[in-house]
Amino acid sequence: MVQEPWLDGFQSHARRSSPMIFLLFRWVVVTVAERGDRTLLTIDIRTLRLASGLILSAFLLMHLLNLSFGLISPAAMETMRPWLSAPWRSIPGTILLYGAVLCHFTLALIALYGRQTLRMPLRETLQQVFGFLIPLLMIPHVMGTRLLYALTSYEMTYFNVINTLWVEAPLMGLRQSVAIFVVWSHCCLGLYFWLRSKRSFRKYSTAFFTMVVLIPIIGWLGFMEAGKAIAASGVAGMQRPPPAGPMGETISTVLYGVYFAALGGTLAARGIRSLRGRYFRRIRIGYPGGRVSVVRAGFSVLEASRARGIPHPSVCGGRGRCSTCRVRILRGMEDQPPPTGRELTTLERIEAGPDVRLACQFRPTHDIEVAPILLVDELDKALPVRKSSAVSNVKEQEVVVLFCDLRGFTSFVERRLPFDTVFVLNRYFEIVGAAVEQAGGRMDKFVGDGAIALFGLNASPAAGALQAITAGLAISRGLKALNEAYADELGEPLRFVLSLHAGPAIVGNMGYGGAMQFTAVGDTINVASRLEELAKRLDAEMVVSNDLISKTPLDLSAFERKNLTVRGRTEPLEVWVVPRAADLEVKVELA
């Protein structure tokens, strides 16, 4: 990342005056820098919104943590104030905080103006409404704390604040509680929209939602307990804060005036644009089933769908971070603006064809016909699909996959009567099923003489990896016993191959009617299947991916390691080739 000269000076001052603000600033810089190879002077609007939002979220989090010490005593709150609240009054803290407020509010107005339609999902609506309510609710609090300090140099302590909000003016305290709820909800919704499209979010989502609920509750309980303590005993010799005077009233009026002028001006500009749009060229967007959305130039396809009330999935909320809103262009592709920036990156990642565009980013310049790729309502109308056939309880999570297959079983079947074959197969299936269940896994399916099992569904990825290895070794021992018991009947011992791999997959109930079953789909499953084919080519009993081994304490350096290019993956996959499963069992016993 290129470092700017002004950034060096700012960091140096922040490090001297407030180490916590310095650490926060560095965290935000690193988080923003990870979004791309840009300097801080060339980052895009979305990145600026993210950076300013992270700063404001950190301020609120530290404020709530400070309030939570009220569960101990008001004195504990005041003791922690220099560490959690006072740093924001330093010069770097003030620049960060108020710069983030101004930047975030300005970008919110720009986003509001840029929206061609105000129809959006409920969660996005709540985030927008809460965001524009925040200034109205927070201006009085800012006037009574930060502005009072600026005008009179009077340092408001938590004793003063709690006494004012709990004892002298409880309605103000109620308003402040509502304000914190609104601000916290806005921050959490923004973080959720940012994180939900990330692959690792599923792993930490439970912790995220737990913190979302617990942190404001603990903060409010601390505020309540501190209020009760001060109301019961008071604070001897507490100095009452001086009034802000006429200057304070003037500044308050100016702040409200700027807020309403900015918001009102943005809405008025939208209204003028809407009126002008009636007399300018409009674009006709056609959908399957004869539905049409007629919109002004500048609408994205996703906005056109929402304006017309056409269901259109968009997991990331129209931010170009996923591909669920993608559409196939059926007609009118000629002379349309090509994909750029975020849209181009996403389309390249999913290897989309030239006729596929992201509906949230594609703004057609003339009439066009599209077909949303993941939209299923037309299929629901065309087919008598029962509700029970819908995908249910589907989620993405880290899983460990085991593939097991018999080698040379086709020639074995040719030499046996059908019922004899079934007898041997059932013994084999019993061995596999028992090994998987006893290790803590779940059988996915049997396909011919192959079996697929899942691990880590209700355990950590590390535990799932050990479960899968344990099951694989149990299968090896079981087949060895089967070969010994039926040596005369089999003629040649049954040979097997195992492949094990770990990674994210979509798991849940899928299928139709009586064929509905719990299963898993995704790249991880496909890779495990490819590894099984590799094991057959290498004449090895087991092939295990390093993605799985890295989650365990096992050392497989004694085995051959290969870097493979797997179809459908851009990065090579590192695997370990185990000729005999019994050799790996020795490693497991030593680990």
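**Notebook: a walk through the predicted model**

I began where pLDDT stays under 50, over residues 34–43, for which the model has 18 contacts beyond four places in sequence. For my own notes, pLDDT is the predictor's confidence in each residue, from 0 to 100, and a contact means heavy atoms within 4.5 Å. Residues 1–7 also stay under 50, with 13 contacts beyond four places in sequence. Where pLDDT is low, the predicted coordinates should not be read in detail, so I moved on. For the protein chain, the mean pLDDT is 79, and 80% of its residues reach 70 or more.

Ground rules, jotted down: this is a predicted model, in which local features need pLDDT of at least 70 and side-chain atom pairs count only at pLDDT 80 or more, while totals for chains, interfaces and linings use all residues. Residues are numbered from 1 along each chain as its sequence is written, and side-chain values use heavy atoms, with hydrogens and water left out.

**His186**

I looked up His186 and found it in helix α8 (residues 170–195); helices here are DSSP runs of H or I, at least four residues, numbered from the N terminus. His186 counts as buried because its relative accessibility is 14% (buried is under 20% relative accessible area, exposed over 50%, partly exposed in between, with a 1.4 Å probe and protein chains only). Leaving out residues up to four places away in sequence, His186 touches His104, Gln127, Phe130, Gly131 and Ile134. I also checked Leu133, 53 residues from His186 along the chain: their C-alpha atoms are separated by 9.8 Å.

**Leu214**

Next I turned to helix α9 (residues 201–233), the place of Leu214. Leu214 counts as partly exposed because its relative accessibility is 40%.

**Helix α11**

I then went through α11 (residues 301–308), which is mostly covered, with six of its eight residues buried. These are Val301, Leu302, Glu303, Ala304, Ser305 and Arg306. Just after α11 I noted Gly309, with a positive phi of about 80 degrees.

**Helix α18**

My last stop was α18 (residues 523–538), with 16 residues and 22 Å from its first C-alpha to its last. That is close to the 22 Å expected at 1.5 Å a residue, the expected span being 1.5 Å times one less than the number of residues. I listed the buried residues of α18, among them Thr524, Ile525, Val527, Ala528, Leu531 and Glu532. Asp539 follows α18, and its phi is positive, near 55 degrees.

Conventions:
Helices (H or I, at least four residues) and strands (E, at least two) are DSSP runs, numbered from the N terminus.
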